[in-house]
Amino acid sequence: MRRAIALARRGMGWTAPNPMVGAVIVKDGKIIGEGWHPRCGELHAERRALSNCSTDPAGATLYVTLEPCCHYGRTPPCTEIILEKKIARVVIGSRDPNPKVAGKGAAILREHGVQVEEDFLRRECDELNPEFFHYITTGRPYVVMKYAMTLDGKIAARTGASKWITGEAARRHVHALRGRYAAIMAGIGTVLADDPLLNCRIDGAHQPVRIICDSALRLPESSQLCRTASEYRTVAVCASAPAERRERLESLGMEVWPLGGSDGRVDLRALVSRLGEEGLSSLLIEGGGTLHEAALRAGVVNHVCAYIAPKLLGGREAKTPVEGLGAASPAEGAQLAGMKMTALGEDILLEYDIAGGMNNVYWNC
């Protein structure tokens with residue numbers, strides 16, 4: 001199963017909105033076939049593994065990281081070929097919450113005499129696909145808020161300089177993160193300050209859709225984002241879009257989405273819903289403190305990735321990861337849970353889930 005998990009990761013960034021899935025077939029104590037789901041619309045892991053078998057798989061055991069599908073989509077049901085090839089035993093890691101599957105795949109196999117074992121290394125398998133699990137059950141993208149800060153909580157020096165807070169290993173990890181998610185979003189403040197490209201700089205990696213949260217549509221036409229809009233899908237999300245300005249940006253290859261709220265700013269909940277409708281199952285937010293606070297207040301954040309560097313910058317005016325008014329008491333803060341820590345050179349990555357949907361006074365006001 002651990003081999004199947006490793007194979008599944010080869011589809012990272014390319015399978016969305018489908019899950020990453022790996023499969024390994026074992027017979028007489030030897031691996032005779034293996035495969036993974038390479039991208040949406042192509043063969044599923046089980047079918048690829050069975051087509052790669054070096055010998056007849058009849059009577060073999062199939063290890064698969066996610067419950068086999070039992071419905072027709074872009075490809076035929078995997079349960080069909082498992083039965084056709086006379087697999088004797090199927091070991092499943094994650095349960096599929098997709099209503100079209102949700103236990104039906106395992107039940108069909110059992111009804112036809114296949115021995116089925118579920119929840120094998122389930123935690124490790126579940127960790128492959130939090131984006132898919134969230135999207136398939138809510139219709140909205142899984143949203144990750146990412147930032148890099150010093151040990152004293154600064155994302156930039158008092159001058160605004162932020163290159164580089166973290167070291168090379170952490171920056172490489174960020175690009176791998178960008179390659180994983182369907183879309184990446186920054187605020188106009190970050191764009192004006194840093195002129196980012198917001199792409200994944202790993203050869204052959206998936207490139208996320210670039211989303212710019214820009215209420216007043218101030219995005220400079222000279223920015224890297226505008227100059228590369230014909231190369232990467234790029235969306236400017238605004239509160240309102242004057243016709244002339246919108247036409248100008250669209251002529252550069254950008255999409256413009258007017259999604260204004262009652263406060264004259266971008267409605268982030270409406271934006272997340274629109275992304276889900278577009279089939280974008282995950283979103284990485286790489287903003288500044290203003291956008292982060294707005295996303296938390298809107299209740300759209302599911303997960304936090306904080307890269308922490310062994311530096312102390314100080315400064316009353318130096319930027320912090322989450323700004324805005326701030327909570328009045330510790331009890332009103334957004335509670336995080338499920339800590340995971342990864343060492344990246346001298347830096348540390350801390351990851352947490354947002355606990356309890358942030359049902360407290362400050363974040364719902």
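**Briefing: salt bridges, cores and strand pairing**

Arg-123 counts as exposed, with a relative accessibility of 54%. Its salt-bridge partner is Glu-127, with N and O 3.0 Å apart. Glu-127 counts as partly exposed, at 44% relative accessibility. The model is predicted. It holds 23 salt bridges and zero disulfides.

**Salt bridges**

- Glu-118 and Arg-110 meet through their side chains in a salt bridge, at 3.1 Å from N to O.
- Arg-110 counts as partly exposed, at 40% relative accessibility.
- Glu-124 bridges to Arg-2, and the closest N and O atoms of this pair are 3.8 Å apart.
- That pair links distant parts of the chain: Glu-124 sits in helix H5 (residues 122-126) and Arg-2 in helix H1 (residues 2-8), 122 residues apart.
- Arg-2 is exposed, with a relative accessible area of 59%.
- In general, side chains of opposite charge can pair when their charged atoms come close.
- Which residue at the other end of the chain segment pairs with Arg-123? It is Glu-127.
- Shared partners also build a network of salt bridges, which joins Arg-95, Arg-110, Glu-118, Asp-119, Arg-122 and Asp-126.

**Cysteines**

- The disulfide count is zero.
- Cys-70 is in no disulfide, and its nearest cysteine sulfur, that of Cys-69, lies 7.0 Å away.
- A disulfide needs the two sulfur atoms within 2.5 Å, so 7.0 Å rules this pair out.
- Cys-70 is buried, at 18% relative accessible area.
- The cut-off for buried is under 20%.
- Cys-200 has its closest cysteine sulfur in Cys-305, 15 Å away, which is too far for a bond.
- Cys-200 is also buried, with a relative accessible area of 3%.

**Nonpolar cores**

- The largest nonpolar core has 34 residues.
- Met-185, Ile-211, Val-237, Leu-268, Leu-271, Leu-283 and Val-301 touch the most other members of this core.
- A second, separate core has 30 residues, including Val-144, Val-174, Leu-198 and Leu-284.
- Leaving aside residues up to four places away in sequence, Val-237 touches Ile-211, Ile-212, Cys-213, Asp-214, Ser-215, Trp-257, Leu-259, Val-266 and Leu-271.
- In soluble globular proteins, nonpolar side chains tend to be buried together.

**Helix H12**

- Helix H12 (residues 289-298) is largely enclosed by the rest of the structure, because seven of its 10 residues are buried.
- The buried residues are Gly-289, Leu-291, His-292, Glu-293, Ala-295, Leu-296 and Ala-298.
- Their cover includes four strands named here: S6 (142-150), S7 (183-187), S8 (209-213) and S11 (282-285).
- Helix H11 (268-277) and strand S14 (347-354) are also part of the cover.

- Strand S4 (residues 89-94) is largely enclosed by the rest of the structure, because five of its six residues are buried.
- Strand S3 (residues 61-66) runs parallel to S4, and five bridges join them.
- Tyr-63 has Val-91 of S4 as its bridge partner.
- S4 also runs parallel to strand S5 (residues 115-117), with three bridges between them.
- Val-91 stands opposite Glu-117 in S5.
- From S4 the chain passes through helix H4 (residues 104-111) to S5, in a right-handed β-α-β crossover.

- Strand S12 (residues 303-309) and S14 are antiparallel, joined by six bridges.
- Ala-306 has Leu-350 of S14 as its bridge partner.
- Strand S13 (residues 336-344) pairs with S14 over seven bridges, again in the antiparallel sense.
- Leu-344 stands opposite Asp-347 in S14.
- The hairpin of S13 and S14 has two residues between its strands.
- In this hairpin Gly-345 takes a positive phi near 65 degrees.
- S14 is also among the elements that cover the buried residues of H12.

How values were computed
Residues numbered from 1 in each chain as written. Predicted model: local features only at pLDDT ≥ 70, side-chain atom pairs only at ≥ 80, totals over all residues. Heavy atoms only, no water. Buried < 20%, exposed > 50% of the residue type's maximum accessible area, 1.4 Å probe, protein only. Salt bridge = Lys/Arg side-chain N within 4 Å of Asp/Glu carboxyl O. Core = buried A, V, L, I, M, F, W, Y, C linked by side-chain atoms within 4.5 Å. Contact = heavy atoms within 4.5 Å. Pairing = 2+ DSSP bridges. Right-handed = clockwise from strand over helix to strand, strands pointing away.
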